[in-house]
Amino acid sequence: MLKRISTLVVAGLTAAALAACGTGGSGGSGGTEGGGGGGGDAIVMGFSQVGAESGWRTANTKSVQEAAKEAGITLRFSDAQQKQENQIKAIRSYIQQKVDVIAFSPVVESGWDTVLKEAKDAKIPVILTDRAVDSADTSLYKSFLGSDFVEEGKKAGQWLVEEYKDGSDTVNIVELQGTTGSAPANDRKAGFAEIIGADQKFKIVASQTGDFTRAKGKEVMDAFLKAQPDIDVLYAHNDDMGLGAIEAIEGAGKVPGKDIKIITVDAVKDGMQALADGKINYIVECSPLLGPQLMDLAKKVVAGESVPARVVTEETTFTQEQAKEALPSRQY
Ligand code: GYE
C-alpha cells in the first residue's frame with residue numbers, strides 16, 4: 001500500500017513538473033504550446049509525439065502544429081524522444097491539466113491499457129494518430145487515424161515479385177526494420193513477408209532494426225554488407241534508413257539501385273530525390289499530413305459527435321519515373 005502511494009505521489013510530482021514546463025522550451029517530455037489564438041473557448045489538445053527520428057516525423061509534427069493553428073485549437077505538444085515512458089508521463093500530465101482531448105502517436109503497440117484507462121476515467125477522449133495500439137479494449141480510444149501499414153508492406157512485396165517475375169535464381173534480401181515493437185515495423189514486415197512468401201526464390205537473409213533513423217540504417221547496412229557476400233535487394237521500412245544504407249553501400253564500393261535494389265516506405269523529399277536519381281528503385285508512400293483530419297476528428301469528439309473508429313489515409317506508390325514528375329510539387 002505504502003509503495004503504491006509513494007508511486008502515485010512520484011507520478012503526481014512528475015506530472016506537475018511536466019505541467020509546469022508545459023509552456024516552456026521544446027524537446028524532452030516537456031511541451032510547447034501553440035495555436036488557438038488564446039481564445040477563451042478554444043479546444044485544448046494535448047499531443048504526445050514519438051520523436052524527431054525521421055523526415056516523415058518532422059513533416060508530421062509540422063502538419064499537426066499548422067492544422068491546430070488553422071483550426072483554432074490550442075495545442076500542447078511534447079516530444080517523447082522515442083521513449084514510451086516519456087509518452088506515458090506526457091499523457092498523465094495532460095490528464096492532470098484537464099485538456100479537452102488527447103492525441104498521440106504510440107511509439108510501440110503494447111503497454112498502453114493503464115494510462116488509456118486513466119484518460120477514460122477522467123473522461124478525456126483519446127485519438128490515436130499514425131500508429132496503433134494493441135489494446136483489446138477499443139473503447140479506450142475514440143478513433144485511430146493513420147495508414148494501413150500491412151498494405152504498405154504488401155505493396156513493397158508486390159513490386160519485388162513483379163521485378164523478378166522472369167527469373168528463377170534466388171533473390172537475397174536484407175531488411176531494415178523500423179523501431180522494434182512499433183506498428184509500422186510489425187506490419188510492414190508482415191505484409192511484405194506475406195507477398196514474397198508465395199515464391200521460394202525470395203530469401204530474407206538478414207533482418208534487423210535500424211530504429212527508423214538514417215544513422216542506424218547506415219550502421220546496420222554496414223554490418224549486413226560485411227556479413228552477407230551476396231545481397232540483391234534491400235527493403236527498408238522507411239526512407240531515412242534507406243538513405244543511411246545508401247551511404248554504406250557506396251562506401252562498400254557498390255552501386256545503390258543497381259548492384260543492390262532498394263525499396264523503401266514514406267516518400268519524403270529526400271527519399272524521392274534518391275529515387276529520381278536512380279539510387280532507390282521503388283517507394284511506397286506513407287502520408288505524414290495527418291494534421292487537418294486529426295483536428296476535424298478532435299472537434300467532433302469534443303462536441304460529443306460520433307466518429308469512425310478507423311480512418312485510413314490514402315496513399316500511392318512511386319517508380320523512378322513517377323518520382324521525377326512528382327518531386328517539384330512534393331509537399332514534404
Ligand atoms: O514511416 C517513419 C517514422 O509511424 C508511419 O515513423 C510512421 C513511421 C514512418 O519514423 O519514417
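The legends below describe several close-up views of one predicted model.

Residues are numbered from 1 along each chain as its sequence is written, and side-chain values use heavy atoms, with hydrogens and water left out. Because the model is predicted, local features need pLDDT of at least 70 and side-chain atom pairs count only at pLDDT 80 or more, while totals for chains, interfaces and linings use all residues.

Figure 1. The chain has eleven helices and 13 strands; helices (H or I, at least four residues) and strands (E, at least two) are DSSP runs, numbered from the N terminus. Of its 332 residues, 52% count as buried. Buried means under 20% relative accessible area, exposed over 50%, and partly exposed in between, with a 1.4 Å probe and protein chains only. Among contacts in the chain with a separation of 6 or more, 74% are between residues 24 or more positions apart; a contact means heavy atoms within 4.5 Å.

Figure 2. Asp-232 sits in the loop between helix H7 (214-227) and strand S9 (233-236). Asp-232 is buried but has no salt bridge, and the nearest side chain of opposite charge, Lys-261, is 8.3 Å away. Here Lys and Arg count as positive and Asp and Glu as negative, while His and the chain ends are not counted. A salt bridge is a side-chain nitrogen of Lys or Arg within 4 Å of a carboxyl oxygen of Asp or Glu. A polar atom of the Asp-232 side chain lies 2.7 Å from the backbone nitrogen of Asn-172. Neighbours within four places in sequence left aside, the contacts of Asp-232 include Tyr-164, Thr-170, Val-171 and Asp-259.

**Figure 3. The salt bridge of Arg-131 and Glu-53.** The structure holds 18 salt bridges. In the one between Arg-131 and Glu-53, the closest N and O atoms are 3.7 Å apart. Arg-131 is in the loop between strand S5 (126-129) and strand S6 (143-146), and Glu-53 is in the loop between strand S2 (44-49) and helix H2 (55-71), so the pair ties together parts that are 78 residues apart in sequence. Arg-131 counts as buried because its relative accessibility is 2%. Glu-53, at 10% relative accessibility, is also buried.

**Figure 4. The salt bridge of Arg-214 and Asp-270.** The side chains of Arg-214 and Asp-270 form a salt bridge of 2.9 Å, N to O. Arg-214 belongs to helix H7 and Asp-270 to helix H9 (residues 269-276), so the bridge ties together parts that are 56 residues apart in sequence. Arg-214 counts as partly exposed, at 32% relative accessibility. Asp-270 counts as partly exposed, at 41%.

Figure 5. Arg-330 and Glu-285 meet through their side chains in a salt bridge (2.9 Å, N to O). Arg-330 is in the segment after helix H11 (320-326) and Glu-285 in strand S11 (residues 282-285), so that distant parts of the chain, 45 residues apart, are linked. Both Arg-330 and Glu-285 are buried.

**Figure 6. The nonpolar cores.** A nonpolar core is a set of buried Ala, Val, Leu, Ile, Met, Phe, Trp, Tyr and Cys residues joined through side-chain atoms within 4.5 Å. The largest has 67 residues, and Met-45, Trp-112, Leu-160, Ile-173, Ile-263 and Leu-294 have the most contacts inside it. A second, separate core of 30 residues includes Phe-224, Ile-231, Leu-243 and Ala-326.

**Figure 7. Two of the aromatic pairs.** The whole structure contains five aromatic pairs. Rings of Phe, Tyr and Trp (its six-membered ring) pair if their centres lie within 6.5 Å; planes under 30 degrees apart count as stacked, over 60 as edge-to-face and the rest as tilted. Trp-159 and Tyr-282 are stacked, 5.3 Å centre to centre with 10° between the planes. Trp-159 lies in helix H5 (residues 149-163) and Tyr-282 in strand S11, so this pair ties together parts that are 123 residues apart in sequence. Trp-159 and Tyr-282 are both buried. The ring centres of Tyr-164 and Phe-202 are 6.3 Å apart and the planes stand at 85°, so the pair is edge-to-face.

Key: A polar contact is a pair of N or O atoms within 3.5 Å; within protein, one must be able to donate a hydrogen and the other to accept it, and residues adjacent in sequence count only if both atoms are side-chain atoms.
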